[in-house]
Amino acid sequence: MEAQEQQEKKNAPDFSELVIALVSAVGTDLQRFTTLIIDELELYEFKADVIRVSQDILGVLDEKPAKASHLQTIEHYMEAGNRYRAATDENAALAYSAIAKISELRATKLEGAAPQPLRKQAWIIRSLKHPDEVAALRETYGDSLFVLGIHTSYQNRFLNLKKKLKRSENESFIEKLIARDADEGPDSGHGQHTRDTFHLSDFFIDEDQNLNKNKSDIERVIKLIFGEPFLTPTFDEYAMYMAFSASTRSADLSRQVGAVLAKDKNIISTGANDVPKPHGGLYWPELVNSEIVDAPNGRDYTLGYDANKKTIKEIIDDLITKLGLEDNEMTRAKFSKTKLNDITEYGRVVHAEMEAILSCGRSANSTVGTSLYCTTFPCHNCAKHIIAAGVKRVVYVEPYSKSKAFEFHGDSISDGRSEDKVSFEPFVGVGPRSFLNLFSMKLGNGRPIKRKNSQGETVEWSRESATLRLTQDWLSLIGREEFATAYAAEQLKKYKTWKLQNEKE
């Protein structure tokens, strides 16, 4: 049987392409990670081409001013990207342009041959700034795409950009660029949304951990992509996957959040954001008269509204009345831009972190010295209870802009490893989205993994003979790419028409 499989593998076309897209905030040293990826792929005899969205796409559409400083160049590309998305009315416009670039480069390498994937070819896209860009790339490349999220602390990104600061520029320019890159807000239309894009990654790496750790993380990522059979999850990866699994039981109207508490590498409780039920815990669907149903007026959706949003609206109604303001769309639009919308205290749901802590209380488990893994950075209300509960370490994936945890509790929490404070750390490792695909021997979309041969001996694995764990139907992939490329051409035409009209005006 093994001989037959080897023969089939030998006779099969050796198509193997890989797309790696990077997501990072402005000020991150992306060149470091691009180089590390290229160097590692060379060990697998893979050639890598880099598509830089800023220079290769935006730089062609809208050339930067000749004497622009480094920071001015960043700002120029931000504005150019916003214009392109706005003119095409497509938030994924730059992702489609990157797909078209890949198609163009492949055609050059094929030298007139029929469209087909190349042998041992990787494409590195740097970098994504909008969730719709991730969606477009995944729709096109499927399991051949891996998104790598690179975290760098605000302080280090600020210092990196400060090194590029000209004497005529001040530090407020850096602050402006960092804030704009993270999230230009709902009113920006087609602006930057790196914060909302980051958590969609398949892998997470922390630049702050040092070059050797970054190199080791990249090496492990590539090994997993190529099906190294003996790599298993770290406890952090396992715990975060369990937190993500816990989040799926939430029926909250806004978002699903999950959390787990662990001690001595054992998970002792889980939590999700949902409405509490009488006598403890949260609502679950129950079997009633042969049907699985939710309790009437239990979860928010059974009531038909979000209590927090409803209360905020009532506060705005009260302010408009008592301040004697004219009640119209303009007035309400102004209130929608205030921090009133950051209020969370009127919700009925118990937050995931709180439920994990309360679950320990119900089962007589101590929370002192535990680690909390949460899919989202804790809000300030949860943060104070996390501190009081004696949690030692918090690990999170998705940032939460409304949280004032550091502002309120700088005396008690630290944004990194700390002995005398509660450590709040970004998650590093394989993200929940790719957990089964890369770690399961049978589940997920990857080919089955074998760790021993028919004689019971461990199989040999080497970079030279390794093949991609996740494979694609290349005909389908090329078809999707051709569609995306044609769509990108339509967008480019629309942008040129828009630009011509504006130049005339």
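Which residues do ring pairs link into a cluster together with Tyr 44? In this predicted model, the cluster consists of Tyr 44, Phe 46, Phe 226 and Trp 461, joined through ring pairs. A search of the whole structure finds 18 aromatic pairs, and one of them, between Tyr 44 and Phe 226, is stacked, with 4.3 Å from centre to centre and 20° between the planes. Tyr 44 belongs to the loop between α2 (30-42) and β2 (47-52), whereas Phe 226 belongs to the loop between α10 (211-225) and α11 (235-247), so the pair ties together parts that are 182 residues apart in sequence. Both Tyr 44 and Phe 226 are buried.

Aromatic rings also take part in arrangements with charged residues. Arg 249 lies over the face of Trp 284, at 3.7 Å from the ring centre, and Lys 310 lies over the face of Tyr 305, where the corresponding value is 4.4 Å from the ring centre.

How far these details can be followed is a matter of the confidence of the prediction. The protein has an average pLDDT of 91, and 96% of the residues score at least 70. Among its elements, strand β6 (residues 258-263) has the highest mean pLDDT, 98, while helix α1 (residues 2-11) has the lowest, 44. Over residues 1-13 the pLDDT is below 50, and this stretch has five contacts in the model beyond near neighbours in sequence. Where pLDDT is low, predicted coordinates should not be read in detail.

Notes:
Residues are numbered from 1 along each chain as its sequence is written. This is a predicted model: local features need pLDDT of at least 70, side-chain atom pairs count only at pLDDT 80 or more; totals for chains, interfaces and linings use all residues. Side-chain values use heavy atoms; hydrogens and water are left out. Rings of Phe, Tyr and Trp (its six-membered ring) pair if their centres lie within 6.5 Å; planes under 30 degrees apart count as stacked, over 60 as edge-to-face and the rest as tilted. Helices (H or I, at least four residues) and strands (E, at least two) are DSSP runs, numbered from the N terminus. Buried means under 20% relative accessible area, exposed over 50%, partly exposed in between (1.4 Å probe, protein chains only). A charge sits over a ring if NZ of Lys or CZ of Arg is within 6 Å of the ring centre and within 35 degrees of the ring normal. pLDDT is the predictor's confidence in each residue, from 0 to 100. Contact means heavy atoms within 4.5 Å.
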